[in-house]
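Let's take a walk through this one together.

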Amino acid sequence: MWPDHLSTVIENELAAIGYSIKDTKKLSECVLRQSDFYISNPTAKTPWEEKWCQAAQLSYYFVLNWNRCRGALNRVSEVEFLSDLTHFVDWGAGLGALSSHLQGLITDIEAIEVASFPTYFLKRHLGIKNLSAKLKPRIRKNAAIGLSYSLTELESLPEFIFDFENILIVEPSTKSDSRRLMQYRQRLIESGYSIWAPCVHEKACPLLEGSKKDWCH
């Protein structure tokens, strides 16, 4: 369930940058502008320094991604993916859509984020103390790395993720991102990883072998 206090946090943060939660027209314009940015610049970094971007992320994308991450974590909890983990690296954490779910479940959460606005948000409102701007995280035992809406800004998988025994990826279900994830899935299998979700098999993806227009949600 969505935490009530985060609604207050979002409302206050929007007010601090000159927006009102009640001005849905103005906020929807920010969301549309952010969406157009992502479509026109599929691998570009989120322009966190822009007020309109902050407004779009606070009022829409954070809430949307929070719910998407919740769905993914519900699934991995069913297969006990988190049961033996003591460390979790949230790589490209943003506003903490993934990290916020893990508090109380994982002993040590490290959020890696280079932009100043989400770093401030993670520290002040989510209470995440272990923050880092170093893109290459420390590798530890009983650890997992999560990439939530950060791979979409990259052209390929970071090589360091293969140093982790456990990997959780939550990315947009667009055609371009999904086709890339389907290819990453095969590389992970070839590197010795077992696939827990969403597929129910570990064979080659039949959609990759078919039409290049095929993609998976």
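Start with Ser-178, which counts as buried because its relative accessibility is 4% (buried means under 20% relative accessible area, exposed over 50%, and partly exposed in between, using a 1.4 Å probe and protein chains only). Ser-178 sits in helix α6. Helices here are DSSP runs of H or I with at least four residues, strands are runs of E with at least two, and both are numbered from the N terminus. Leaving out residues up to four places away in sequence, Ser-178 touches Pro-172, Ser-173, Trp-215 and Cys-216, where contact means heavy atoms within 4.5 Å.

A quick word on what you're looking at: this is a predicted model, in which local features need pLDDT of at least 70 and side-chain atom pairs count only at pLDDT 80 or more, while totals for chains, interfaces and linings use all residues. Residues are numbered from 1 along each chain as its sequence is written, and side-chain values use heavy atoms, with hydrogens and water left out.

Now zoom out. The protein chain has 7 helices and 5 strands, and along the sequence they come in the pattern α-α-α-β-α-β-α-β-β-β-α-α. The radius of gyration is 18 Å, close to the 17 Å that the globule rule gives for 217 residues, so the chain is as compact as a globular protein of that length. That radius is taken over C-alpha atoms, and the globule rule is 2.2 Å times the number of residues to the power 0.38. Along the principal axes, the C-alpha atoms fill a box of roughly 50 × 40 × 30 Å. Of the 217 residues, 46% are buried. And if you take the contacts with a separation of 6 or more, 57% of them are between residues 24 or more positions apart.

Next, find helix α5, residues 116–125. Which of its residues are buried? They are Phe-117, Pro-118, Phe-121, Leu-122 and His-125. These residues cover an arc of only 135° around the axis, which puts them on the same side of α5; the arc is that of the directions from the helix axis to the C-beta atoms. Just after α5, look for Gly-127, which takes a positive phi of about 70°.

Helix α3 has another partner to show you. Two packed helices are described by the angle between their axes and the distance between the axes. For α2 (residues 24–40) and α3, the angle is about 100° and the axes are 8 Å apart. Axes are lines fitted to C-alpha atoms, for helices over the stretch in contact, and angles run from 0 to 180 degrees between N-to-C directions. The two helices α2 and α3 are therefore roughly perpendicular to each other (65 to 115 degrees counts as roughly perpendicular, under 35 as roughly parallel, over 145 as roughly antiparallel, and the rest as oblique). On the α2 side, the residues that meet α3 include Leu-27, Val-31 and Phe-37, and among those on the α3 side are Trp-52, Ala-56 and Tyr-60. The residues of this contact divide into 11 nonpolar, 4 polar and 1 charged. Ala, Val, Leu, Ile, Met, Phe, Trp, Tyr, Cys and Pro count as nonpolar, Asp, Glu, Lys and Arg as charged, and the others, Gly among them, as polar.

Finally, some loops. Glu-80, between α3 and β1 (87–91), has a positive phi of about 60° although it is not a glycine. Tyr-149, in the loop between β4 (143–148) and β5 (166–170), also isn't a glycine and has a positive phi of about 60°. Are they buried or exposed? Glu-80 is exposed, at 55% relative accessibility, whereas Tyr-149 is buried, at 15%.

In the loop between α6 and α7 you'll find Ala-197, which is joined to Pro-198 by a cis peptide bond with omega of about 0°. Ala-197 is partly exposed, with a relative accessible area of 38%.
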